[in-house]
Amino acid sequence: MPQMITRKGEQMEKTGFIGLGNMGRHMARRLAQAGHDVLVFDIRDDQREALESHGASWAGSVRAVADAAEVVVVSLPTPAIVEQVLTGDDGVAAGKAARLVVDTSTTGPSTSRRIAEKLLARGMRLVDAPVSGGTGGAEEGTLTVMASGQADAYERARPLLRVIGKNIFYLGEEAGQGQMMKIINNTLCAAATLASFEGLVLGSKAGLDAKTMLDIINVSSGRSFATEVKIPQCILHRDFPMRFTTDLLHKDVKLCLDEGARMGVPMWVSDMARQMLSFAIGQGKGADDYARVIQFYETWGQTQFGSADR
């Protein structure tokens, strides 16, 4: 078993981390800074120097990670990529050392269950542990983690989850339950955000002050993550920083709608949100942060919410 000795004299098994994008790079850094023996890999090496400076080691491939680390954490953008990395040729499932996979990506429950079955056939177990809280939460270690999987596998993963998250929820042993909760959450986020865009653009057209509207909403019943965090931080001063793409939010909402259709649950309002996100993608905005979707409403309403003036 590959292990290191911490400064406290405790044995700590090597942890692999695959996927060093907007979320993954922060989670991997926090694990390394917490003293974990972290071996990282991404198809791009732009994070290599920064992570090595925090004590992580760089691997040359997915297979190299899985050959060296018993626990492998992944943070990847789409279900297809997650499945390929975990169960494809020379993926994690082919590794000599890997025995536990912790998937912090958003893949949807159906994909998660399929991956869990394939990994189990190779003697590995999966904890699906999608996260919420954005890049800020990943950087600060305050993410919400929604985990499911066999109880002993979850207990083995929990010390890692406690480094990256503040609010950790265990949703039981059934594979995919963490994923189900995550796509429900993100779909609610999408619907509330788009409704907020509509209302705030209407208020701007009527002459209401942008900040005053947010101040009132955020002590009233219309408040949400969008009005409390996303819009003040990303739109009010016209910053539009890159945090979460429209493509990815659309992906999460579609995963939720697919599960709703499979289970016979109507989701009409959520489907309207998906259609608006799909429209934005069709207009070439898929790679932009989803905050920019408000600009369509502003164009149609011939007004602007917020100002670059501070």
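What follows is a set of questions and answers on this predicted model.

Q: In what order do the strands of the 6-stranded open sheet run?
A: This sheet is open and its pairing is parallel. Strand 5 (57-58) and strand 8 (125-128) sit at the edges with a single partner strand each, so one side of each has no neighbour in the sheet. Reading across, the order is 5-4-3-6-7-8.

Q: Which residue in strand 5 stands opposite V40?
A: Strand 4 (residues 38-41) and strand 5 run parallel and are joined by 2 bridges. Looking across from V40 into strand 5, you land on W58.

Q: At about what angle does helix 1 run to strand 3?
A: Helix 1 (residues 24-33) packs on the sheet, where it touches strand 3 (15-18) and strand 4. Its direction and that of strand 3 make an angle of about 165 degrees.

Q: Which strands does helix 5 lie across?
A: Helix 5 covers residues 109-121. It runs at about 155 degrees to strand 8. The strands it lies across are strand 7 (100-103) and strand 8.

Q: Is R125 buried or partly exposed?
A: R125 lies in strand 8. It touches R99, L100, V101, L120, Q150, D152 and A153, leaving aside residues up to four places away in sequence. Buried would need under 20% relative accessible area. R125 comes out at 25% relative accessibility, so it counts as partly exposed.

Q: How far apart in space are R125 and V71?
A: Along the sequence, 54 residues separate R125 and V71. In space, C-alpha to C-alpha, the distance is 9.8 Å.

Q: Which strands are the edge strands of the 3-stranded sheet?
A: This open sheet has the order 9-10-11, with mixed pairing. Strand 9 and strand 10 pair in the antiparallel sense over 2 bridges, while strand 10 (residues 143-147) and strand 11 pair in the parallel sense over 5 bridges. The edge strands pair on one side only, and they are strand 9 (131-132) and strand 11 (165-170).

Q: What is the bridge partner of V131 in strand 10?
A: Strand 10 is mostly covered, with 4 of its 5 residues buried. One of its residues, A147, stands opposite Y170 in strand 11. For V131, the bridge partner in strand 10 is V145.

Q: Which helix lies across strand 9, strand 10 and strand 11?
A: The helix in question runs at about 165 degrees to strand 11. It spans residues 151-164, and it is helix 7.

Q: How many residues in the contact of helix 8 with helix 11 are nonpolar?
A: Helix 8 (residues 177-205) and helix 11 (residues 246-263) pack at about 115 degrees, with their axes 8 Å apart, and the crossing is left-handed. From helix 8 come M180, I183, I184, N186, T187 and A190, which meet L249, D252, V253, L255, C256, E259 and M263 in helix 11. Sort these residues and you get 2 charged, 2 polar and, for nonpolar, 9.

Q: What span is expected for helix 11 at 1.5 Å a residue?
A: Helix 11 has 18 residues. From its first C-alpha to its last it reaches 26 Å, which is close to the expected 26 Å.

Q: Which helices are included in what covers the buried residues of helix 11?
A: The buried residues of helix 11 include T246, H250, K251, L257 and G260. Also buried there are L249, D252, V253, L255, C256 and E259, each of which meets helix 8 too. The cover includes helix 4 (79-87), helix 5, helix 8 and helix 12 (268-285).

Q: Which residue just after helix 11 takes a positive phi?
A: The phi there is about 75 degrees. The residue is G264.

Q: Is the crossing of helix 8 and helix 13 left-handed or right-handed?
A: The axes of helix 8 and helix 13 (residues 294-301) come within 9 Å and cross at roughly 35 degrees. L194, F197, E198, V201 and K205 in helix 8 meet I294, Y297, E298 and G301 in helix 13, a contact of 5 nonpolar, 1 polar and 3 charged residues. The crossing is right-handed.

Note on methods:
Residues are numbered from 1 along each chain as its sequence is written. This is a predicted model: local features need pLDDT of at least 70, side-chain atom pairs count only at pLDDT 80 or more; totals for chains, interfaces and linings use all residues. Side-chain values use heavy atoms; hydrogens and water are left out. Two strands pair if DSSP finds at least two bridges between them. Contact means heavy atoms within 4.5 Å. Axes are lines fitted to C-alpha atoms, for helices over the stretch in contact, and angles run from 0 to 180 degrees between N-to-C directions. A crossing is left-handed if the near helix is turned anticlockwise from the far one by less than a right angle, and right-handed if clockwise. Ala, Val, Leu, Ile, Met, Phe, Trp, Tyr, Cys and Pro count as nonpolar, Asp, Glu, Lys and Arg as charged, and the others, Gly among them, as polar. The expected span of a helix is 1.5 Å times one less than its number of residues. Buried means under 20% relative accessible area, exposed over 50%, partly exposed in between (1.4 Å probe, protein chains only).
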